[in-house]
Amino acid sequence: MAGSSLSDVVLRGRAILREGRERCRRQHDAGSRGTQVSTLVSDLYDDLVLEVWNQACADHFGGETPAGVALVAHGGFGRRDLAPYSDADLMLIVRGRSTAVAEKLAQALTRDLVDIGLDVGFSLRTPREACSLSWSDPVIFTSLTESRFLAGSLKVFKRFFQSLRHGAVRRGGRLVRDLIEARREERNKWGDTNYLLTPNLKKSRGGLRDIQMIRWIGFARYGEVDLERLLKLGTLTDEDYRMLRRAYDFLIRLRNELHFREGRAQDVLDRTTQVVIANAWGYKGREGVLPVEAFMQQYFDVTRDVRYAARFFADDNRSRPLIGQIIERIRAKRIGADVLMGPTHIWVEASQLREFALSLPRILRFMSLANHNNRRIGHHTWQTIRKAMQERQPAPPDAESVGAFLSLLSRGGRLAPLLQRLHELRILDQLIPEFKRTRGLLQFNAYHKYTVDAHCIRAVEAATDFAEDPTAMGRRYRRLKDKTLLHLALLIHDIGKGYEEDHSIVGARIARKTGERLDLDASSIEILEWLVLKHLAVNTVAFRHDLNDPEIVISFAKEVGSIRRLELLIIHAVADLAAVGPDVLTDWKMKLIEDLYLRTRRYFETGDLDADQEELTDEIRHQVREYLGDERSAATSLALLKQIPLSMLRREKSEDLATQLIHVAAALDAGERTLCFAQYDPIASAMRYVVIFHQDDTRVGIFARVAGAFMSCGIGILRAEIVTLENIVWDEFWVDDPEYPDQPPPKRIQTVSSRVKQLLDSPETPLPPRKRKWSVGKKDDSKTVNVLPTKVDLDNETLDRFTILSLFAYDQSGLLYRVASALSDLNLVLHFAKIDTHLDQVADVFYLTEADGRQVDAKDRQAEVRAAVLAVISPDEKESQED
């Protein structure tokens, strides 16, 4: 048998590990505290390591413990806070003359422990080597600060650890700076906010790593890692100590849960697992709040407190250059009875600080001063404010506090981090009581990365970043004389989420109440309410409609009403998108938003879109015509050019469009019906396929066949725009080919193009089956938590000629093909479409008519269309629809 070659110690160890993990799981499932279960896991690992150690000593040294060698657990193993499938970090500390002995032990330990089933990190060092590496590498230092003696020479271990402790304290200032910088780099990778929707329990901000940071900084400053000892030294407050212990136990228990559920090391808390754990741990929902949201709100509360304590502990123990402190004091200016401001910081005089920190109006004015002068608040001042505000009983703000808050909102600068601090101290809840509900509120879609409160504050930050932006958006932000309404609207724009009613409508009502509570004038309240109500309008029009249709732009302009409102709404929309998550605000989206802005502003300034569009259309057609040659040789091309709308004319360079027209004309003159050619789009980082088809009297199902061709090649459609000329369908698709993340080779392009031509040229060729799942490199649908409803909306009011079908749904592999096939089956003609799978949800728009050119206007027919589309999206889901 394969296992016959394994030693007895390995076979015994495997049994011990299996039974021990099962025992730990039973203890965990019984509701034991996280620290208790982790202690059991650590005891189990200790038993296994010592079993192998003793066997190695018996095999090589006759059962005697060799001199000059110490076996040390470090890192999480040294702290004894292991999760069930954590790795085990071990080190052999050896005196120089005992190296040969240590190598025999190291070989036995690494071989047998790995064979047993442990993930082992192993090193062999002299005391000098271990300490030297610690001074140069903060990762090694942090791990060795948690060293724990396991076996061998206690004398060797004590000498090593005393050297490490004394050396660390001597180098404390530099080590603390290195630790803070290393942690900052780690946070940048794993999440620089504790409000991530899929956090890493160890490495995201506010996680276990921040608690460990306090221990490591404590060792560098005081030679101690134990929180209780740091408390007795006076470096931790009683409150922070108790909070850290509670947080530590919660996070450890949660990490144990993840390990047990996955059967492996796992620290990322994904959406599906959040739902499962919330139900398993008995969290109860309430009106508008799901059980999973209640669970995650507790997680966010815990990690917020950890983040806060870790940041202040780091600031307290950071070594600032003495010369810098002296210069700050010498160059300080008094800007109030008790406030001083230096080149980089602002602070309150120590003698006045305690009384100052008890006054909310004075604190808000002080923060406004800090923001207006772009100064950081001195650490001691802020720490005193924090303590005083935690002790203060919440109360409605007085007029002085409201005025100071509005003054704070009127400037950019460091507004976002100051709002974050006000939020952490729950002062924002007192100024805007409804904001409390957004704390840690989840957003169940595939693209939002942050909770509602974190997203709103990041939206404010995105807007204030425009102050240094050289683009047109930056210029618009800078010319806003009073930015108060913009910043306030961004802060509360999603405050209506979590209710059953549309969040924009709920948010608008809250915005009016907020404006009244903050004593804004009637005009400002009306604008604030309107901004929150319409904060999605720019995205809706720019991303889902044909901006070359004057009816669309005029309708939007009437909804906006003025250039001032237009600029507020555009800045708001861009900041909102930028705050959703990385890579959401693409160049394509910015181009569409800018196009909408310019068209709408032109309408406000001239009152006429048609004349301007006709002039621009003629100008571009003239440019294209110059590349086509004489009229006799380019007759077909010129005839096509006359049909092409402005949307297509603006989409291509004149030279490229002329080249396409020449190819299309040649193909049509030769009797071909279908052309398909491809080009890599570096802006979208995707392949763009252009499909041109000469259609006969049957105009139904063309889009579905093209979508089916892509799906059958395993390609996902990211974005699509279609235009129908008199007898030509001219479609463009931006696609994701998972087999070729970058530009595919010519052979692949030829294969895809041939498949498109085959399905269009041969109507008798059956379409691919409508599979529920396609392997196109998308995310695993089973790991998606879908709690927002699918919605299909039919609109006959916006345009006279077409029925606009808007689809709101979670992205699924093959979704577009299934919808297009359903529309084809209903004998509906598709005239225009905008597809984009990179919004919060899929929001695809189709301009439809019946086969005879009429709008889809009969109620029973509309119901039939809705039902058919819903059936191919999620057959078991009922539509959330308002009549």
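Is C456 buried or exposed? C456 is buried, with a relative accessible area of 0%. Buried means under 20% relative accessible area, exposed over 50%, and partly exposed in between, using a 1.4 Å probe and protein chains only. C57 is buried too, at 3%. The structure holds 0 disulfides, a disulfide being a pair of cysteine sulfur atoms within 2.5 Å.

This is a predicted model, in which local features need pLDDT of at least 70 and side-chain atom pairs count only at pLDDT 80 or more, while totals for chains, interfaces and linings use all residues. Residues are numbered from 1 along each chain as its sequence is written, and side-chain values use heavy atoms, leaving out hydrogens and water.

Start with the sheet. Four strands form an open sheet in the order β3-β2-β1-β4, with mixed pairing. Strands (E, at least two residues) and helices (H or I, at least four) are DSSP runs, numbered from the N terminus. Two strands pair if DSSP finds at least two bridges between them. The edge strands, β3 (120–125) and β4 (148–152), each pair on one side only. From one strand to the next, the twist averages 25°. Strand β2 (residues 88–94) runs parallel to β3, joined by 6 bridges. Here A88 stands opposite V120 in β3.

Helix α2 (residues 34–61) touches β1 (69–74), β2 and β4. Contact means heavy atoms within 4.5 Å. The direction of α2 makes about 25° with that of β4. Helix α4 (residues 99–116) lies across β1, β2 and β3, running at about 180° to β3. Such angles run from 0 to 180 degrees between N-to-C directions; the axes are lines fitted to C-alpha atoms, for helices over the stretch in contact.

Now look inside. In soluble globular proteins, nonpolar side chains tend to be buried together. A nonpolar core is a set of buried Ala, Val, Leu, Ile, Met, Phe, Trp, Tyr and Cys residues joined through side-chain atoms within 4.5 Å. The largest one has 100 residues. Its largest share, 9 residues, comes from helix α28 (residues 563–578). F405 is among the residues with the most contacts inside this core. Not counting residues up to four places away in sequence, F405 touches residues including L364, L419 and L518. A second, separate core of 63 residues includes L144, W216, Y248 and I277.

Finish at helix α36 (residues 815–825). Of its 11 residues, 10 are buried, so α36 is largely enclosed by the rest of the structure. Among them are Y817 and R818. N827 follows α36, with a positive phi near 60°.
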